[in-house]
Amino acid sequence: MSFTAPSLGSGGRSVRRAFEFGRTYVVRPKGKHQATIVWLHGLGDNGSSWSQLLETLPLPNIKWICPTAPTQPITIFGGFPSTAWFDVGELSEDAPDDVEGLDASAAHVANLLSTEPADIKLGVGGFSMGAATALYSASCFTVGKYGNSNPYPANLSAVVGLSGWLPCANTLSNKLQGVEEGVRRAQSLPVLLCHGKGDDVVLYKFGEKSSRSLKSNGFLDVTFKSYNGLGHYTIPEEMDEVCAWLTSKLGLEGNSA
């Protein structure tokens, strides 16, 4: 699937950036299907590696959808192409935001969720820039629209971000002002953030700052978990936390189904 978004080229002409998304991997529920979660990989990765890990988790009621990001030139790599949900100049919350790329990826996620049955709870999660895209999706959901003002269609029930950050954090409070429904959605959307204190790629302070940002913008159900000595990767202890949190927040039946 591809999305095109206009951008200004040299001389102010509008140039369309095409986003060609890669292969999507699906892990079907082993028990009664109660929830569907789109899980987004990190920079340079693909949907396959996370689908293999998610398949091993004791969450029989969840269907996992693991898409692959478009291959695009990445500023942090000097323009060298890589799979990425959006362009980054630096991996931090203070970097300028590629709203166009974020919108295209958030729209891809919403599109993947659009065909799920009405009684299925929907979520989005990810690692590193995948986590950033998941958190951006959370902000689009609460505000009710993408950065380009198109309406956001998915109804999210849970958002998970591992070793990530919140893009467009500085503009979130402005976007939520006067959006009554948005305030209600922010109050009730459960968000789990996990970050290693030894992360030298997306620094721990950015994870912490993202958590504070969400809370100060009225997100009442934010859980922030830190892990001593953990670098920019995941560990079983962290995935156990994700499993327990999803089971609780989504009201999953577990193996009894």
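**Reading a buried aromatic cluster**

Visitor: Is Trp-39 buried or exposed?

Guide: Buried means under 20% relative accessible area, exposed over 50%, partly exposed in between (1.4 Å probe, protein chains only). Trp-39 has 1%, so it is buried. Trp-64 is also buried, at 1%. This is a predicted model: local features need pLDDT of at least 70, side-chain atom pairs count only at pLDDT 80 or more, and totals for chains, interfaces and linings use all residues. Residues are numbered from 1 along each chain as its sequence is written, and side-chain values use heavy atoms, without hydrogens or water.

Visitor: How many aromatic pairs are there?

Guide: Rings of Phe, Tyr and Trp (its six-membered ring) pair if their centres lie within 6.5 Å; planes under 30 degrees apart are stacked, over 60 edge-to-face, the rest tilted. The count is seven. Take Trp-39 and Trp-64: centres 6.0 Å apart, planes at 80°, so the pair is edge-to-face.

Visitor: Which elements does that pair link?

Guide: Helices (H or I, at least four residues) and strands (E, at least two) are DSSP runs, numbered from the N terminus. Trp-39 sits in strand 4 and Trp-64 in strand 5, 25 residues apart. Trp-50 and Phe-127 form a tilted pair, with 5.8 Å between centres and 40° between planes. That pair joins helix 1 to strand 8, across 77 residues. Trp-50 is buried at 7%, Phe-127 at 11%. Trp-39, Trp-50, Trp-64 and Phe-127 make up one aromatic cluster.

Visitor: Which residues of helix 1 are buried?

Guide: In helix 1 (residues 47-54), they are Gly-47, Ser-48, Trp-50, Ser-51 and Leu-54. The arc is read from the directions between the helix axis and the C-beta atoms. Here it covers only 170°, so these residues lie on the same side of helix 1.

Visitor: What do they pack against?

Guide: Contact means heavy atoms within 4.5 Å. The partners include strand 4 (35-40), strand 5 (62-66), strand 8 (121-127) and helix 7 (236-249). At the start of helix 1, a side-chain oxygen of Asn-46 comes within 2.9 Å of the backbone nitrogen of Ser-48.

Visitor: What is the radius of gyration of the protein?

Guide: The radius is taken over C-alpha atoms; the globule rule is 2.2 Å times the number of residues to the power 0.38. For 257 residues, a compact globule would have a value near 18 Å; the protein has 17 Å, which agrees. Seven helices and eleven strands build the protein. Buried residues make up 54% of the 257.

Terms used:
Polar contact = N/O pair within 3.5 Å; in protein donor to acceptor, adjacent residues only side chain to side chain.
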